[in-house]
Each structure stands twice: as structure tokens, then as C-alpha cells.
Amino acid sequence: MGKSKVLVVGGTGYIGRRIVRASLAEGHETYVLQRAELALQIEKLQMLLSFKREGAHLIEASFSDHQSLVDAVKKVDVVISAISGVHIRSHSIGLQLNLIKAIKEAGNVKRFLPSEFGLDPARMGHALEPGRVTFEDKMGVRKAIEEANIPFTYISANLFAGYFAGSLSQMGSFVPPREKVHIFGDGTLKAVFVDEEDVATYTIKTIDDPRTLNKTLYLRPPDNILSQSELIAIWESLIGKQLHKTYISPEAFLATLKGLDYKLQVGIGHFYHIFYEGCLTNFDIGPNGQEASILYPEVNYTRMDHYLRIYL
């Protein structure tokens, strides 16, 4: 069988642009949704044109024009949504409900991958307010997918390295500190750090794989399952010095959180579950999921000691 035709929605975004290029690299006929509102966003428009030069097809459609979405979906076998779900940028998860309606009407899509690419929302029903809204919105999308009987794969990519590894999981910066560092709790709970290019690579590998049909794919590259202290130790080894460490108790963290802007509370509140509960690694995957590095051992994923070298 030939490779699936792929439509990427949100293809100019942080993870979406990587998925477009991973799809092209794997030889899929790749389409990118071109929304009318991007016509005045010059950087995104130029990115779309660069995809076209690389072999992608651009399809004009809008979330407010149902028929345009149906027509776009009918051209492909697989739809991957990567629209933003980050409140500090633009939280657009709910727009996918329009896309789901179009996929259901079109009736030809053999796999839909909604915009998740983070913590598994099905395991975050206990999340703190207001951060739980992220997971509730994603679960609402899942409910709509499953009620429409649309074949799916959910991607739980854990922590993007650009946000969490380069910063040593500090708040307020995306570059690693060279003098002092804050550590959540005792710094020993494990998290999972994944290079964004690897997220895209694993995502594209799932779309023609029957093993991931109606499953959640967890990205847990074994060498990147690290505690915050272990991540900091890698950086200290690279720069040849010890950082001054301040340990933040759960109570102190929650007290700080309360004084932040709403949008910051939503995102930073997730730190509590990651670094004080160990929510990324404190469970077994089980029969409804698959682990990416086991399914695709051929992927030479980026280790964090190599990733951090770029900041030297």
C-alpha cells in the first residue's frame, strides 16, 4: 500500500511546522491548511510558501467555513492537528470541534491526530485550577472524536525540550542559567524530555501503523527520562561548574502561583504535577497505549546531553 496523504492543520505553529517537514521527509504527499487570516501574518505566510517550495500543497480553508474544511479533508487520508493549546500564546483547542464535524461528514479519513503533544489529559482529571482547563478542553475534543467514530491516535509527547530542557525547567527563561538554579521539591522525581524534531518524527511514523490505531502513543525515550537534578547535572558537567541551588517546597510554589496572571497560572500550574507529583512517569502505559521508542527503535532520538550543547 502507498503512503497516506496527510493534511496538517496548524502547520505554521511551533510543533506543526516540524510535523509538515517530517511528513515530507518520510515521503508523504503533504497538504497544509492555509487559513485566510494568515494572509496578513507575513512570517507565517512566508513559512507556508517555503513548505510549497519543499513540495507541500497548500489548501485554503477556514474554521468558519464548514464546506471548505470538508473539501480539504476529502483530499487526504490522515489529518493531523497542531493548532495552539498554550494559553500564553493562543489557546485554540476548541476550534478542532469544527474540524471533527468536517472529518465526520467527509467520511474518508482513516486517522485523525488531534492537537495534544503534551501531558496525557486522560490522566489529569485531578489537575489544579485554573490549569485543568487545558486538559478539560482536550478531553472534550477526544469525546467528540470518539462519539463520531473517527479513527484516532493521541500523542503524549511529555516535555518539549525547547521549553523544559534548555531552561533546566526554570520559569521566566528558555536558556540555561550559569550561576543559580531553582529546584522543585527535592529534584528527584522523573520527567521526560523530548526534542521537538523527534516529536514530529514519531508522530508521522504512527499514521500508517495499525499498532497505534485508537491508541495513545507515549514518547518516553529511555535516556531522556530524567529528574530535574539529573538534567541540571548534565549542564553542570558541560559548563564545568556547580550552580547554586535553591529548593522550592510545594507550599512555596503554590503560594507563588497564586499571584500570577491567569494565563501564566494555567501553564505554570502544570509544573506542580510534573515536578511535585511525577505525573509523567508514575504510571504504566497499559493496553490502551504504546511507547514510541519500543515501536520505532530505528529513530535515533536526541539525548539531552547532546541537546544542551547548543547553549554552550
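F160 has V194 in β11 as its bridge partner. This is a predicted model, in which local features need pLDDT of at least 70 and side-chain atom pairs count only at pLDDT 80 or more, while totals for chains, interfaces and linings use all residues. Residues are numbered from 1 along each chain as its sequence is written, and side-chain values use heavy atoms, with hydrogens and water left out. Strands (E, at least two residues) and helices (H or I, at least four) are DSSP runs, numbered from the N terminus. Strands pair if DSSP finds at least two bridges between them.

The sheet is open and has 3 strands, in the order β9-β11-β13. Its pairing is mixed. β9 (159-160) and β13 (225-227) are the edge strands; each has a single partner strand, so one side of each lacks a neighbour in the sheet. β9 and β11 (residues 190-194) run parallel and are joined by 2 bridges. In that pairing, L159 stands opposite F193 of β11. β11 and β13 run antiparallel, with 3 bridges between them. Here V192 faces I225 in β13.

## Cover on the sheet

Helix α8 (residues 228-239) packs on the sheet and touches β11 and β13. Contact means heavy atoms within 4.5 Å. The direction of α8 makes about 90° with that of β13. Axes are lines fitted to C-alpha atoms, for helices over the stretch in contact, and angles between N-to-C directions run from 0 to 180 degrees.

How many residues of β11 are buried? The count is 4 of its 5, and the strand is mostly covered. Buried means under 20% relative accessible area, exposed over 50%, and partly exposed in between (1.4 Å probe, protein chains only).

Helix α3 spans residues 66-73. Its buried residues include S68, L69, V70, A72 and V73. Their cover includes four strands by name: β1 (6-9), β2 (30-34), β3 (57-60) and β4 (78-81). Helix α4 (96-106) is also part of that cover.

V32 lies in β2. V32 counts as buried, at 0% relative accessibility. Leaving out residues up to four places away in sequence, V32 touches L7, V8, G11, V20, L48, F51, A56, H57, L58 and I59. V32 and G10 are 22 residues apart in sequence, and their C-alpha atoms are 7.9 Å apart.

## Aromatic pairs

The whole structure holds 16 aromatic pairs. Rings of Phe, Tyr and Trp (its six-membered ring) pair if their centres lie within 6.5 Å; planes under 30 degrees apart count as stacked, over 60 as edge-to-face and the rest as tilted. F253 and Y276 form a tilted pair, because their ring centres are 5.4 Å apart and their planes stand at 50°. F253 sits in helix α9 (residues 250-257), and Y276 in the loop between α10 (262-275) and β15 (289-291), so the pair ties together parts 23 residues apart in sequence. F253 and Y276 are both buried.

F271 and F275 also pair: centres 5.9 Å apart, planes at 50°, so tilted. They are 4 residues apart in helix α10, so about one helical turn separates them. An α-helix has 3.6 residues a turn, so residues three or four places apart point the same way. F271 is buried, and so is F275. One aromatic cluster takes in F164, F184, F253, F271, Y272, F275 and Y276.

## Arginines over rings

R220 lies over the face of F283, 4.6 Å from the ring centre. R303 lies over the face of Y301, 3.7 Å from the ring centre. A charge sits over a ring if NZ of Lys or CZ of Arg is within 6 Å of the ring centre and within 35 degrees of the ring normal.

Where does D208 lie? D208 is in the loop between α7 (196-206) and β12 (215-218). D208 is partly exposed, with a relative accessible area of 34%. D208 and A82 are 126 residues apart along the chain, with 18 Å between their C-alpha atoms.

Which residues does D208 touch, not counting those up to four places away in sequence? They are K3, S4, H28, K110 and R111. The D208 side chain makes a polar contact of 2.4 Å with the side chain of S4. Another polar contact, of 3.0 Å, joins the side chains of D208 and K110. A polar contact is a pair of N or O atoms within 3.5 Å; within protein, one must be able to donate a hydrogen and the other to accept it, and residues adjacent in sequence count only if both atoms are side-chain atoms.
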